[in-house]
Structure formats: C-alpha cells, structure tokens
Amino acid sequence: FTSMQATAAAPANWHQHCRKIVAIGRNYAEHAQELGNAVPTTPLFFLKPPSSFITQRQAIRIPTGRVVHHEVELGVIIGSRACDVSSNEATKYIKGYVLALDMTCRDLQDEAKKKGHPWSVAKGYDTFCPISEFIPTEKIPDPHNIELYLQINGKDRQRGRTSDMIFNIPSLIAHVSGIMTLEDNDVILTGTPSGVGEVKHGDVIVAGITGLKEWEMTFNVQTRNRL
C-alpha cells in the first residue's frame with residue numbers, strides 16, 4: 001500500500017488549510033450494532049467543520065448538560081485535488097494520516113436521527129475533532145492492519161483493528177470523490193471501532209496507534225461554560 005504523496009512534506013499547521021472533514025459513519029459492524037444501527041451497504045458520511053480541530057495541549061470542551069461520546073478514528077489526509085477517482089488510483093491522492101477523535105453529542109444525534117434531521121449540531125461543536133501530529137505514509141505501510149486504541153483515565157475503552165473496516169480506504173476515496181471534489185489537506189475520518197462511550201469533565205483521554213508511540217495523543221476534558 002503505497003502513495004505518490006508519501007514523500008510530500010506536511011507543515012505542522014496543515015489542518016489550518018483543511019477545507020472539509022469528511023467523516024464516515026458505521027464503517028465497523030460492531031460499532032453500528034452497539035448503537036442499534038443497520039450495517040450500511042454503501043458508505044455513509046457526514047461533514048464536520050475544520051473549526052472543530054484541536055491539537056495537543058488544547059482541551060476538549062463539552063457543552064453543559066449534554067451526553068458526549070468519544071470515537072477514535074484513523075484519518076486520511078488528501079494530498080491533491082481528487083474528483084471522480086477510481087479505487088485503483090485512490091492511494092495516489094493520500095498525503096499522510098492522522099489519528100483523530102470524532103467527538104459526538106450522542107443525545108443530540110439520537111434526537112436528530114429520530115426526526116430525520118442532519119447530525120451537524122451533534123458533530124460540529126468547537127473542539128470536537130482532536131487530532132494528532134501528521135503521520136507520514138511510510139509509518140503506516142498498511143493502514144488496513146493497524147490497531148487503534150483509546151483510554152480514559154488509564155482504562156481501555158476502545159481497541160480495534162482497521163482490518164475490520166466494512167469499506168476500505170481506496171473505496172472511501174472513490175465514493176466521496178464521486179460526489180464532492182476532495183482537495184489538498186481535506187481529511188477523511190474512516191470510522192470508529194466499537195467501545196464508544198461517554199466522557200465527562202475532568203477525564204483524561206489518551207489515544208493512539210499500537211506501535212506508533214510517537215503519535216500518541218492526550219486531551220483533557222472540560223465543561224464548556226458559555227456566558
């Protein structure tokens with residue numbers, strides 16, 4: 001699994017140039033089942049705003065009175081304009097990877113699903129997309145054979161392998177680029193394994209990829225106080 005973009009340099013602030021975060025939903029069968037959702041037959045995706053990005057040393061801020069869940073994911077960073085890309089050509093458009101958390105107001109998402117409304121509010125709060133440093137492609141030679149993990153206060157909450165994805169990365173790039181053009185520094189979040197759960201004020205989240213300790217990330221959780 002190689003990429004023509006593998007040697008492309010990525011500045012530390014690449015995420016500041018991201019125009020959209022495309023998040024894949026229900027891409028792990030066990031996660032779909034744990035939330036009582038049907039396993040999709042075609043990729044399901046939604047958008048998160050780039051304003052939801054935070055990096056290490058920034059805090060995840062959860063809205064007062066809301067039930068917020070963690071979802072650890074492998075993100076794919078796009079390296080050049082991709083429109084109507086075939087799955088056979090898709091890897092050429094990968095610049096690198098990133099570990100990400102798709103933070104979700106689960107109570108708001110449940111309400112939206114019942115009403116048939118979009119998930120934008122549940123997924124789009126400020127600080128709801130914590131990310132690691134940029135991960136070069138050579139550090140993840142096979143993105144379909146890595147283990148993602150997430151711990152809260154030192155206890156395992158999520159631990160799953162990307163080999164369990166329903167739709168692989170080339171097929172996701174092909175599907176999304178057939179609907180909307182992907183641009184340099186856009187990100188596709190590839191879905192979360194099972195084990196999602198609530199986070200609360202004072203929690204410390206540690207997430208990583210087994211064997212890549214350098215890219216492990218830590219975030220504190222705080223209540224968002226609005227004036």
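Colleague: Let's start with the contacts in the protein chain between residues at least 6 apart in sequence: what share joins residues at least 24 apart?

Modeller: Keep in mind that this is a predicted model, where local features need pLDDT of at least 70 and side-chain atom pairs count only at pLDDT 80 or more, while totals for chains, interfaces and linings use all residues. Residues are numbered from 1 along each chain as its sequence is written, and side-chain values use heavy atoms, leaving out hydrogens and water. Contact means heavy atoms within 4.5 Å. Counting contacts between residues at least 6 apart, the share that joins residues at least 24 apart is 79%.

Colleague: How much of the chain is buried?

Modeller: Buried means under 20% relative accessible area, exposed is over 50% and partly exposed is in between (1.4 Å probe, protein chains only). Out of the 227 residues, the buried ones make up 53%.

Colleague: Which strands sit at the edges of the six-stranded open sheet?

Modeller: The chain holds four helices and 16 strands, which are DSSP runs numbered from the N terminus (helices H or I, at least four residues; strands E, at least two). Strands pair if DSSP finds at least two bridges between them, and this sheet has mixed pairing in the order S2-S1-S13-S6-S7-S10. Strand S7 (residues 94-101) is antiparallel to S10 over two bridges, with Gly 96 opposite Pro 136. The strands that pair on one side only are S2 (44-48) and S10 (135-136).

Colleague: At what angle does helix H4 run to S6?

Modeller: H4 (residues 169-177) lies across S1, S2, S6, S7 and S13. Axes are lines fitted to C-alpha atoms, for helices over the stretch in contact, and angles run from 0 to 180 degrees between N-to-C directions. Relative to S6 (72-78), H4 runs at about 60°.

Colleague: Which parts cover the buried residues of helix H2?

Modeller: In H2 (residues 106-115), the buried residues are Arg 106, Asp 107, Leu 108, Gln 109 and Ala 112. Their cover includes strand S5 (68-70), strand S8 (104-105) and helix H3 (120-124).

Colleague: How many residues apart in sequence are the parts that Phe 46 and Trp 119 tie together?

Modeller: Rings of Phe, Tyr and Trp (its six-membered ring) pair if their centres lie within 6.5 Å; planes under 30 degrees apart are stacked, over 60 edge-to-face and the rest tilted. There are three aromatic pairs, and this one is tilted, at 5.4 Å centre to centre and 55° between the planes. Phe 46 is in strand S2 and Trp 119 in the loop between H2 and H3, so the parts they tie together are separated by 73 residues.

Colleague: Which residue of S15 stands opposite Leu 148?

Modeller: Strand S15 (residues 204-209) is mostly covered, with five of its six residues buried. S15 pairs with strand S16 (residues 217-224) in the antiparallel sense over four bridges. Strand S11 (residues 147-152) also runs antiparallel to S15, joined by five bridges. In S15, Leu 148 faces Ile 209.
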